[in-house]
Amino acid sequence: MGKFINPFTDFGFHRIFGQEVHKELLIDFLNQLFFGEHDIEDITFLNPIQTPETLDDRGIVFDVHCKDSNGNLFVVEMQTGAQPYFHDRGLYYLARAISNQGQKGKDWKFALQPVYLSLIHISEPTRLQLIS
């Protein structure tokens, strides 16, 4: 019997969509999510681990973190279990992806790139909720 990867686990989702060898799958996935808004031709994977700035801060790990050839940033987060603060966590992830673009120093001489967050929440096997 063949082995299959469950895409609804952190391991499976990352294995299918978060690796260079499967980048065409992620490009197709993102193009379907953002159909009519973006036509992504290529992506570069970015480090999904966002370390805290201080010992008291919270670190996060994005399921998928990448940018396209136009500099647009994408964060994809998939959740299968019940989580009361899922939308708040998504907002926090979005804020971190934006704030990480900041450069140290006193001058504010850079343009922020757009960040697109896709929250995928699967509360039941037949119910899929996309929040983009």
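A nonpolar core is taken here as a set of buried Ala, Val, Leu, Ile, Met, Phe, Trp, Tyr and Cys residues joined through side-chain atoms within 4.5 Å. In this predicted model, the largest such core comprises 16 residues, and those with the most contacts inside it are Phe13, Leu26, Leu30, Val64 and Cys66. Two or more residues are given to this core by each of helix H1 (10-17), helix H2 (23-33), strand S4 (64-68), strand S5 (73-79) and strand S6 (115-124), with H2 giving the most, namely 4 residues. Leu30 touches Ile40, Cys66, Phe74 and Val76, when residues up to four places away in sequence are not counted. A second, separate core of 10 residues includes Ile60, Phe62, Val75 and Leu119.

Strand S4 is largely enclosed by the rest of the structure, because 4 of its 5 residues are buried. It pairs in the antiparallel sense with strand S1 (residues 43-45) over 3 bridges, and Phe45 stands opposite Cys66 of S4 in this arrangement. S4 is also joined to S5 by 4 bridges, again running antiparallel, and there the bridge partner of Cys66 is Phe74. The hairpin formed by S4 and S5 has 4 residues between the strands, and Gly71 in the turn has a positive phi of about 90°.

Ile98, which lies in helix H3 (residues 86-99), counts as partly exposed because its relative accessibility is 34%, and partly exposed denotes values between the 20% limit for buried and the 50% limit for exposed.

Terms used: Residues are numbered from 1 along each chain as its sequence is written. This is a predicted model: local features need pLDDT of at least 70, side-chain atom pairs count only at pLDDT 80 or more; totals for chains, interfaces and linings use all residues. Side-chain values use heavy atoms; hydrogens and water are left out. Buried means under 20% relative accessible area, exposed over 50%, partly exposed in between (1.4 Å probe, protein chains only). Contact means heavy atoms within 4.5 Å. Two strands pair if DSSP finds at least two bridges between them.
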